[in-house]
Amino acid sequence: MDFVEHVAKAQLRAHAISVPDGQVVDANNREIHITGPVAVKAQVPAGGRGKAGGVILTHDAPAAVDQLLGSKLGEHTVAEVLIETRVNIATELYLSVATDGALGSPVLMFSPSGGVDVESSADEISQLQLKIDVQPGLDELVEFLSASGCPTPVEEVAGVANKLYTCYLATDAELVEINPLVITEEGEVVAVDGKLSVDDSARTRQPELAEIAADPPATFLEAKAAENDLRFIELEGNVGVLANGAGLTMTTMDAIAHHGGSPANFLEIGGDSYTLAVPALELVLANPNVKSLVVNFCGAFARCDVMTGGVIEAWKTLKPSIPVFFSIHGTGMDEARAMVRAELDIEPFEAMDDAIASAVQAASASRQSTEGQIQATESTN
Ligand code: GDP
Ligand code: MN
């Protein structure tokens with residue numbers, strides 16, 4: 001789950017990290033009560049706003065709000081704007097706590113040169129990491145920060161790092177980032193930006209955050225899938241996957257990879273696939289990369305013949321031109337296999353592995369033949 005800046009900053013504030021005074025406005029509530037020099041900031045769940053024109057330093061907040069509200073920043077439309085009392089920046093630092101999957105631990109990352117040119121993935125930052133397995137002591141933090149080139153007041157920055165770690169734990173975060181963490185001309189340490197990314201599996205533990213999480217940017221097909229209550233994720237490969245249940249779908253994807261292929265999608269249709277077969281198949285086929293299709297059903301309570309019936313109907317409606325490879329096992333499999341033979345004139349595979357291997361082969365053969373065509377076209381020119 002990702003969040004916009006003002007949500008991240010509310011979490012920072014709740015953990016006693018100092019953030020500028022601010023207010024959020026949107027199309028329905030544009031009344032501004034902050035005066036003086038302000039930073040007016042587009043609230044989209046993406047970084048790099050400073051460079052993209054999404055952060056305006058001004059005395060004229062209403063004009064900046066007019067400019068930003070409803071505008072496009074990358075793939076996001078700006079629906080909310082944060083207006084903050086401007087901070088007089090002396091130094092911009094970078095500070096974050098992130099889950100490091102390879103280390104199996106949270107790490108604290110710091111750079112003495114934060115700001116718009118620093119991304120969390122930057123090499124210079126990865127040099128300045130502290131693995132933290134337990135709540136770090138202030139002495140340990142001061143030592144790390146001093147060794148990493150942190151300017152005075154180091155103790156204050158260490159205090160923020162300590163609170164940031166607490167915030168990371170409390171929100172089940174994968175990343176809490178302050179860039180820039182600013183030392184003001186008055187010598188105070190203030191979080192001028194905030195970014196929060198929370199583990200998706202923590203939804204039930206974090207219901208309030210789940211409620212206000214930013215919608216992940218979906219592809220056109222993914223958005224269409226959501227309308228049909230289908231869980232669909234577009235992938236890079238060329239072997240389409242239609243299977244009942246998330247587990248079997250992932251097994252199918254693994255087996256495709258095992259045979260040297262690459263799946264074109266994740267699509268969870270579950271037991272009521274017979275009612276969803278047409279939109280499901282439409283989605284899989286709408287991806288122009290798909291060169292072959294595996295239909296993998298494993299019947300239990302959901303009967304194979306019912307699910308297969310749905311797919312056959314969909315197949316006849318959509319009349320795809322790609323080859324399809326069936327693996328059908330479990331409840332109702334004999335009826336289902338007979339239907340595939342009778343209606344589509346296709347022989348289902350006895351073993352799942354063979355169906356998947358054949359689909360991978362067909363996809364790669366089709367790729368080679370299109371490459372051949374392209375070469376042939378080029379050579380005639
Ligand atoms: P990002 O580009 O999406 O990461 O947005 P930030 O919130 O980090 O803002 C980008 C840059 O604008 C910061 O790195 C600062 O240099 C500058 N900025 C933001 N707020 C203020 C402020 O209150 N005062 C000053 N002087 N600069 C600011
Ligand atoms: Mn930033």
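This is a predicted model: local features need pLDDT of at least 70, side-chain atom pairs count only at pLDDT 80 or more; totals for chains, interfaces and linings use all residues.
## The enclosed cavity

The largest share, three residues, comes from α1. By class, the lining of the largest cavity holds five nonpolar, two polar and two charged residues.

## The largest pocket

The largest pocket contains about 720 Å³ of space. Its lining is made up of 35 residues, and those closest to the centre are Lys41, Arg49, Asn179, Pro180 and Asp193. The elements that contribute two or more residues to this lining are β2 (38–42), α2 (49–52), β3 (55–58), β6 (80–85), β7 (89–100), β10 (173–184) and β12 (195–198).

Strand β10 gives the most to the lining of the largest pocket, with three residues. By class, the lining divides into 16 nonpolar, eight polar and eleven charged residues.

Pro180, one of the residues closest to the centre of the largest pocket, lies in strand β10. The peptide bond from Asn179 to Pro180 is cis, with omega near 10 degrees.

A cis peptide bond also joins Thr152 to Pro153, with omega near 0 degrees. Pro153 is placed in the loop between α5 (138–147) and α6 (154–170).

## Residues with positive phi

Ala16 is a residue other than glycine, yet its phi is positive, near 65 degrees. The residue is located in the loop between α1 and β1 (22–26). Is Ala16 buried or exposed? Its relative accessibility is 52%, so Ala16 counts as exposed, the cut-off for exposure being over 50%.

Asp172 likewise is not a glycine and has a positive phi, of about 55 degrees. This residue is found in the loop between α6 and β10. Asp172 is buried, because its relative accessible area is 16% and the limit for burial is under 20%.

## Leu221 in helix α8

Leu221 belongs to helix α8 (residues 220–227). With 9% relative accessibility, Leu221 counts as buried. Which residues does Leu221 contact, leaving aside its neighbours within four places in sequence? They are Phe232, Glu234, Leu283, Ala286 and Asn287. Leu221 and Glu234 are 13 residues apart along the chain, and their C-alpha atoms are separated by 7.6 Å.

## Helix α12

Helix α12 (residues 333–344) has twelve residues, which at 1.5 Å a residue should span 16 Å. The C-alpha atoms at its ends are 16 Å apart, in agreement with that expectation.

The buried residues of α12 are Ala336, Arg337, Val340 and Leu344. Seen down the helix axis, they fall within an arc of 100 degrees, so they line one face of α12. An α-helix has 3.6 residues a turn, so residues three or four places apart point the same way. The face turned away from the buried side of α12 carries the exposed residues Asp334 and Ala342. The cover over the buried residues of α12 includes α11 (304–318) and β17 (324–330). After α12 comes Asp345, whose phi is positive, near 60 degrees.

How values were computed: Residues are numbered from 1 along each chain as its sequence is written. Chains are lettered from A and ligands numbered from 1 in the order in which they are written. Side-chain values use heavy atoms; hydrogens and water are left out. Helices (H or I, at least four residues) and strands (E, at least two) are DSSP runs, numbered from the N terminus. The expected span of a helix is 1.5 Å times one less than its number of residues. Buried means under 20% relative accessible area, exposed over 50%, partly exposed in between (1.4 Å probe, protein chains only). The arc is that of the directions from the helix axis to the C-beta atoms. Contact means heavy atoms within 4.5 Å. On a 1 Å grid over the protein atoms alone, a cavity is a set of points where a 1.4 Å probe fits but cannot get out, and a pocket is an open set with protein on both sides within 12 Å along at least five of seven lines; lining residues have an atom within 4 Å of a point. Grid points are joined across faces, edges and corners, and a volume is the space filled by probe spheres set on the points. Ala, Val, Leu, Ile, Met, Phe, Trp, Tyr, Cys and Pro count as nonpolar, Asp, Glu, Lys and Arg as charged, and the others, Gly among them, as polar.
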